[in-house]
Amino acid sequence: MFNGRGRSARSFAIILIAHLAVIVLWQIVVDAFHIPTFILPSPLETIATLGAAKYAWLQNLLVTAAEILGGFCLGALVGVALAVVFTWSPLVSLVLLPLFVTMNMIPKVALGPLVIVWFSYGIVPNMLIAFSICFFPILLTTARGLSEVEPDLLDLVKSLRGSRWTIFRKIQLPGSLPYVFSGMKVGAILAVAGAIVGEFIASERGLGYLMIQVQSSLDTPAMVMAVVLLTLLGVALYGLVLGLERLFVVRDVRLQ
């Protein structure tokens, strides 16, 4: 256990140093080549925008965070639930899964205006756009995990008169968890993109809305700061999924 913790700490230190090195290099390049601020601000100029009240960073950050988290949670819930239904009913899977595949091919940018027309402006439409992007990978990976069970093990449980619920709870669900979390990690990344797509199309609050507002005045430091905050939101959500995976899935069976 100590060796495992030591490796984790060393890996985290390497990742942190790599990120800090990029930031330092960014500052050096901007200063050395005298790059104009409207083209590429330095890290110090970018961070300085956090002190400006006109950007309402906290309010916009919380709105975007709510859209990302809401869309992701809805995507995880619907994706896992549908995967269970598809596993229990091959007929439903045969009818609905091709439809979901076809719907997933629709560009979400094109779907965004329709969502705005149907649900108006606000956090909920952007949640739905984030959900529409992130739920499909969770559905596919969970369905695969539920179906990849050793036939001999299923036959053994059935021979002991185990019910379908017992098979699901004792065998299929624990065995599918690595696949569930693998899909959720992909979904966490896509949920961030989905929320920003919604805010770019039409919104009144959020980091994407703020980026559109400051773009007209070439306020590049604020745009870069918004991108940094979006990245941090994505990293936080991804880290949350990783933490849950470490809690519920043993190391040896995790999908990389």
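**Stop 1: Phe-86 and Phe-100**

Select Phe-86 and Phe-100. Both are buried in this predicted model. Their ring centres lie 6.2 Å apart with the planes at 45°, so the pair is tilted. Colour by helix next. Phe-86 sits in helix H3 and Phe-100 in helix H4, so this pair ties together parts that are 14 residues apart in sequence.

**Stop 2: Tyr-55 and Trp-57**

How many aromatic pairs does a search of the whole structure find? It finds five. One of them is Tyr-55 with Trp-57: the ring centres are 5.4 Å apart and the planes meet at 40°, so this pair is tilted. Tyr-55 is buried, at 6% relative accessible area. Trp-57 is buried as well, at 8%.

Select Ala-56. Ala-56 belongs to the loop between helix H2 (43-48) and helix H3 (57-88). Check its backbone: phi is near 50°, a positive value in a residue other than glycine. Most residues other than glycine have a negative phi. Is Ala-56 buried, partly exposed or exposed? Ala-56 is partly exposed, with a relative accessible area of 28%.

**Stop 3**

In soluble globular proteins, nonpolar side chains tend to be buried together.

Centre on Ile-68. Set aside its neighbours within four places in sequence. Ile-68 is then in contact with Ala-191, Val-192, Ala-195, Leu-233 and Leu-237.

**Stop 4: helix H5**

Select residues 108-119. This is helix H5, with twelve residues. At 1.5 Å a residue, H5 should span 16 Å, and its end C-alpha atoms are 15 Å apart, which agrees.

Which residues of H5 are buried? They are Lys-108, Gly-112, Val-115 and Ile-116. These cover an arc of only 100° around the axis, which puts them on the same side of H5. Show what covers them: it includes helix H4 (90-104), helix H6 (123-147) and helix H8 (164-201).

Then step past the end of the helix. Ser-120 follows H5 and has a positive phi, near 65°.

**Stop 5: the cysteines**

Select Cys-73 and Cys-134. How many disulfides does the structure hold? It holds zero. Cys-73 is in no disulfide, and the nearest cysteine sulfur, that of Cys-134, is 9.0 Å away. Cys-134 is likewise in no disulfide. Compare their surroundings. Cys-73 is partly exposed, at 41% relative accessibility. Cys-134 is buried, with a relative accessible area of 0%.

**Stop 6: Leu-218**

Move to the loop between helix H9 (207-215) and helix H10 (220-248), where Leu-218 lies. Leu-218 has a positive phi of about 55° although it is not a glycine. Is Leu-218 buried or exposed? It counts as exposed, at 52% relative accessibility; the cut-off for exposed is over 50%.

**Stop 7: zoom out**

Show the whole chain as a cartoon. The protein has ten helices and zero strands. Along the sequence, the pattern reads α-α-α-α-α-α-α-α-α-α. The C-alpha atoms fill a box of roughly 75 × 55 × 25 Å along the principal axes.

Colour by accessibility. Buried residues make up 38% of the 256 residues. Finish with the contacts. Among those between residues at least 6 apart in sequence, 75% join residues at least 24 apart.

Key. Residues numbered from 1 in each chain as written. Predicted model: local features only at pLDDT ≥ 70, side-chain atom pairs only at ≥ 80, totals over all residues. Heavy atoms only, no water. Helix = DSSP H or I, 4+ residues; strand = E, 2+ residues; numbered from the N terminus. Buried < 20%, exposed > 50% of the residue type's maximum accessible area, 1.4 Å probe, protein only. Expected span 1.5 Å × (residues − 1). Arc of directions from axis to C-beta. Contact = heavy atoms within 4.5 Å. Phe/Tyr/Trp six-rings, centres within 6.5 Å; stacked < 30°, edge-to-face > 60°. Disulfide = S-S within 2.5 Å.
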